[in-house]
Amino acid sequence: MTALTDVAPPRPPAATGVTRRRRRRMSTTARIAVVVVGLIVAVAVIGPFLVGDPNVGDTSRRLLAVGSPGHVFGTDGQGRDVLSRLVVGTRLSLLAGLVPVLFAAVLGTGLGMTAGLSGVWGHRTIMRTLDVFYAFPAVLLAIAIAAALGSGVSNSIIALAVILVPPVARVAETETRRLVDLDYMEAARASGASRGSIALRQVLPNVAPPVVVYCTALIGLSIVYAAGLSFLGLGVSPPTAEWGLMVSDHTQYIYSAPFLAAIPALAILIASVAFNVLGDGLRDLLDVRGEVRA
Amino acid sequence: MGARSNEILLEATGLTKTFGNGVRAVSDVSLSVRRGETLGVVGESGCGKSTTGKMLLGLLAPDEGEITFDGWPLAKMRRPELRALRARLQVVPQNPQTSLNPRLTVRASIEFNLRVHGVPRGERGERVLGLLDRVGLTAAQSERFPHELSGGQLQRVAIARALSTSPELVVCDEAVSALDKSVQAQVLNLLADLQRETGVAFLFISHDLAVVEHISDRVAVMYLGRVVELAPARQLWAEPQHPYTVALLSATPGRGQERIVLSGELPNPAAPPSGCGFRTRCPIAEDVCATDWPALADAAPGHTAACVHVGRPDHAVAQMLPPPTVPPRAAPADTADPAPSVPG
Amino acid sequence: MSELASGTGTMVTPRAERPEAGPGGAAATPAEMAPLEVTDLRTTFVSRTRRTEVVRGVSFTLRRGETMMLLGESGSGKSVTARSIMRLYGSSAEIGGQVKLGGRDLLDLPEAELRSVRGGQVALIPQDPTGALDPLRRIGSQLTEVLRVHGIEHTRRAARARAEELLRTVGIPDPARVATSFPHELSGGMRQRAVIALAVSCDPQVLIADEPTTALDVTVQAQILELLADLQHRLGTAVLMVTHDVGVAGDFGGRIGVMYAGKLVEEGPAADVLSAPRHPYTKGLLESLPTPEVERGRLRSIVGSPPGVGEFPDGCVFAPRCPQAVASCHESDPPLLRIAPGRGAACPVANPPRPVDSAEPGRAA
Amino acid sequence: MLGYIGKRLAMAIPILLGVSLVIFITIKIIPGDPIASLLGPTGTPESRAALESRMGLDRPLPVQYVAWLSHTVVGDFGTSIARRTDVAPMVLDALGNTLILTAAAAVLAIVLGVGIGVLTALRRNSLAARLGNAFALFSISVPQYSVGLLLIIYLAAGAGLFPVSGMYNPSSGGGVVDLFNHLILPAATAALVPAGIIARMFRSAVLDVMSQDFIEALHSRGLSRRRVMAHAFHNTVPSLLTVAGLQIGNLLGGVVFVEAVFAWPGIGLLVYQSITQRDLPVIQAGVLVSAFAFVMLNLLVDALHGLVDPRVRT
């Protein structure tokens, strides 16, 4: 264990002199993630125009292997081209993961900041209400809500948004609480500015970076969950092309064509990892402290 | 000199504040600040000086008591009136590292104040540069973020922000405590210059007695949520009346006099002792001290102290210590080697 | 309630009674004279991307029972100097020079021997008593651990008894209760006393106190300073105290080393240095202290601010802020020159060399 | 300490009430008319009203809620629509099975997570630490349902090392060894995500503690590295408890996918099957029971937290 003194406080002496923060940069891994996320978004936007109709299948050519002529990723049980389905499915899979996070980011930030800036009772009311949603195992709650609302991509988005709001709100609330007693907030209140103005111009610039970092990583999680709901039959319905549904579709053939199920799974994994790495990169870039994953 | 006069600008009477955890942070504090003067408030941590400052700024509502600013009662004012009044009453906070929003540039921090007080967008830029110039900063520094500035520069920005609305009173809450001494002197000079030029009054809250003595016209000493002594600065140092003040002054390092070391520590503010809160540490406490916290009594014109001994002919404070006669930092020569004088 | 009010709770300590073993104090054999000898100490922080030199050639000697104050503003390297002596930075810093304690160079000591020196012969009192204690362990258990590690006590029971005794020694009125308390249950002053008890538990020869009272209130600060002086007197410990407070430095006495930008710029007996400073920085620092004698707004401040760590200029580091600087100051970095018996200053402009002084070469050549 | 636990207990009650309210509301917003489906096409307005009043549906919602809650509190979760049997025993059986899987996964996740966390914190630049970081990153992004499938394909069906699905082998008649065999793959799958999260959080907890002042102070007192590390790890326990507690809680819900893939007869599988059958009483009961277990788990974590950290007790 030579490592110990290495981690003994590497304490650069406190300097109240000019502390010029080093220009923060993203790591190479994070840059790769930026490229991957860019590619995924590009595929989602223009992909459907580049490949054939994902729903046209030729049953005589079913379960073709990966690398077959004309079907790079093979075909599925109904003879449909897997690559086409994967590319076209990108849009829906991405949206199903992205939209709940956007929704949760806005609502969660609003709730968290409101709770953080209001008095004891306002704070307690909001946070205790969120605690109720926190008390459910997240995935199960999403499944229950989706089941109650019935299948369909919009219902799956609502279900995921509901479970993502409380953690985002907690991140925003923690950051807001950290700020309220700081000197500059006191100066802002003493300036006579309205609450809204303080929230918007003094608090939000500080709350936004950790929320953005957190939500970027959440997108990865949300993509996995959204595909999972489809996998359980609670998301989009067949024959729509979507990654989770493809996994569940291809499961029937795991013995005859084992790679088939791995292809959409890999797509989900890559997208999720990319957003997670991007989140880490943004954390370094925006100088947000610590792990923010709930 | 500015408009230093006897006109009272801010007056607080009987301020009391108890927090939710039962800590009575401030009890029955009455203070007044005159136009253009500097009122120093000293005390150790937990004495209620910062809570008092927050109440005077209108950031914290007192449980009891009243605050009037230029004759206006703070508690009864409506929001638009209060906002207009806030322009006249500003704050310079303590910690240079947190007195400015880390995500805003220097310019944006000051413009926030200007915007609140209705300075049109077009004029703000010029006003910011003028203010920065006045506190000794350059236009180039207006686009910097707080982490790019030194502690002294940050406090200069905080002062510029406070001055942006041409206030009549600025509450300086430990505004120079975190600065290095060589930089602290610059900021103290700046505050004095600004007071001379604009006639602004300061409420100067600090635990640093030397700084308070230097900058204040009058000084209030607080202990356990109360003002225990209030006097013109010179007089307080020359003839302290409250035993706590005597001990506090003597404990200040570097004054070259004998030191009175108080035993024990501050009592728990949630469960203060009966009677005078200082009696458990007071070297001259008597039985009567356990019954009531004494009211502020006149010791001399403009000099009051809350101690039963005040005004008695045999005031025991006089026996605690001879008044400090040795000038500060003129070291006694007998302990040192004879230093040969070297030209230069 | 008359017992409470009887007023026995004060002690007045005449300052002259303090041990101030300055130069020319008690005569002693050379071995006893210098328990700690620091020569050309250099500390450089290394990270993967850069090297930052923070202490740049500091030399001083601390005799038995003597006090040495390192006075400086933030970023002057005073704390780093103190910690480098104990090699507390591990591999995150490179430390050059010599730190001789009882004839051994601490910088060359193997890990295991260094451990027995740390806490045994050299002990540290850090600035923030809250941070210096393990928050999850009772005070007593933290004390007994140190006592047993250093082999002062071998049984749990004896260690416990000794821990309470130590707590009493540092002026804690109810040691039994404090020993079973967690750090957060104590006041700041009590915590600092507990930290001091930990530091003196193994009867060290050198006590390094890094701003031991900065986090405390004035009246509590006075108590702690009295306690340190008292312990020094009773135990004969040499004290190296780091402070930014000129007042504390002056009161505690002994010798003063004034640090600026990683170097000692002036050294000498405390009273001497503070009454007749010989380096422009020391002069400027003393003149910038607020006093009622100076009219408000007319403090003589030093222009600019201290250089940030790793941004030290070439030549004399103080030259950019110095009112007396001449052209040569910006080129060569002056060493600490001996200007009088026991006095040194690193400024040839303010103290032009005299032939008489060169008879006895300064220790900081 | 008892007071602290009491306070936590008191805080759990309103949360449980809130949970029940959310579930009740979820039932009420479900589209579809249960009465119409029960009556069938022959229902008249009169028979409809009669049925409504018999089922209490004509009463105001708060009254309905109280009635529903009073049944729930005593363990009466109603009757399953699909199976026509009492929901309670069904759900409780399933919960027991889920707890077995969760516990196994939790142990795996904590061991893996703590190990990787310590490794990556203390040997920041070693190859092992890089691999550990990569594992932590990938495992938190993994779709469990796919990993489960892959494990089935290669280790169970392919290599024949483990049973493909279920909890016991029907022919062997049960037993601990059999259970263990069936448990390994689903537990490993379920442990992936929490192991990654625990690894990352624990890594920052270790780094955080190691950078605190008291570590330096301990070194300055001449303690050996081992002893200093003991202090350091002691101080990471509170954050480990918090993270692990939250992750075990998430496991309770997250095992749905795993149970579905491995046909593990737990709450997740039960809820999943009930979704396809639109068996609402079972879904409600499953979610309610899981949430209850989650809240109880949090309570336990809080109590342990108080035991470990004297600062939170006050």
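Q: How many nonpolar, polar and charged residues are in the lining of the second largest cavity?
A: In this predicted model, the second largest cavity holds about 140 Å³ of space, and 14 residues line it. Sorted by class, two of the lining residues are polar and none is charged, which leaves the nonpolar class with twelve.

Q: Which helix gives the largest share of the lining of the second largest cavity?
A: Helix H5 (138–149) of chain A, helix H1 (2–29) of chain D and helix H12 (280–308) of chain D each supply at least two residues of this lining. Among the residues closest to the centre of the cavity are A:Ala144 and D:Ile23. The largest share, five residues, comes from H5(A).

Q: From which domains of chain D does the lining of the second largest cavity draw at least three residues each?
A: The domain assignment of chain D gives two ranges, 2–73 and 92–313. The lining of the second largest cavity takes at least three residues from each of them, namely domain 1 (2–73) and domain 2 (92–313).

Q: Which three residues in domain 1 of chain D lose the most area to domain 2 of chain D?
A: The contact between the two domains takes 14 residues from domain 1 of chain D and 16 residues from domain 2 of chain D. About 1,200 Å² is buried between them, with carbon and sulfur atoms giving 82% of that area. On the side of domain 1, 43% of what is buried comes from three residues together, and these are D:Tyr4, D:Leu16 and D:Ile23.

Q: What is the N to O distance in the salt bridge of D:Asp302 and D:Arg8?
A: Across the interface of domain 1 and domain 2 of chain D, the rule finds one salt bridge. A nitrogen of Lys or Arg has to be within 4 Å of a carboxyl oxygen of Asp or Glu for a pair to count. The side chains of D:Asp302 and D:Arg8 meet in a salt bridge, with an N to O distance of 3.1 Å.

Q: Which three residues supply 27% of the area that chain B buries against chain A?
A: Where these chains meet, 31 residues of chain B are in contact with 27 residues of chain A. The area buried between them is about 2,500 Å², and carbon and sulfur atoms give 51% of it. The three residues of chain B that supply 27% of its buried area, more than any other three, are B:Arg103, B:Phe112 and B:His147.

Q: With which residue does B:Lys54 form a salt bridge?
A: The rule finds one salt bridge across the interface of chain B and chain A. For B:Lys54, the closest N and O atoms of the pair are 3.4 Å apart, and the partner is A:Glu186.

Q: How many residues apart in sequence are the parts that A:Arg170 and A:Asp131 tie together?
A: Over all chains the count comes to 42 salt bridges, and one of them joins A:Arg170 to A:Asp131, with the closest N and O atoms 2.7 Å apart. A:Arg170 lies in helix H6 (residues 153–180) of chain A and A:Asp131 in helix H4 (residues 120–134) of chain A, so the pair ties together parts whose separation in sequence is 39 residues.

Definitions and conventions:
Residues numbered from 1 in each chain as written. Chains lettered and ligands numbered in written order. Predicted model: local features only at pLDDT ≥ 70, side-chain atom pairs only at ≥ 80, totals over all residues. Heavy atoms only, no water. 1 Å grid on protein atoms, 1.4 Å probe; cavity = no way out; pocket = protein on both sides within 12 Å on 5 of 7 lines; lining within 4 Å. Points joined across faces, edges and corners; volume = space filled by probe spheres on them. Helix = DSSP H or I, 4+ residues; strand = E, 2+ residues; numbered from the N terminus. Nonpolar A, V, L, I, M, F, W, Y, C, P; charged D, E, K, R; others polar. Domains from an automatic or database assignment. Contact = heavy atoms within 4.5 Å. Buried area = accessible area lost by both parts, 1.4 Å probe.
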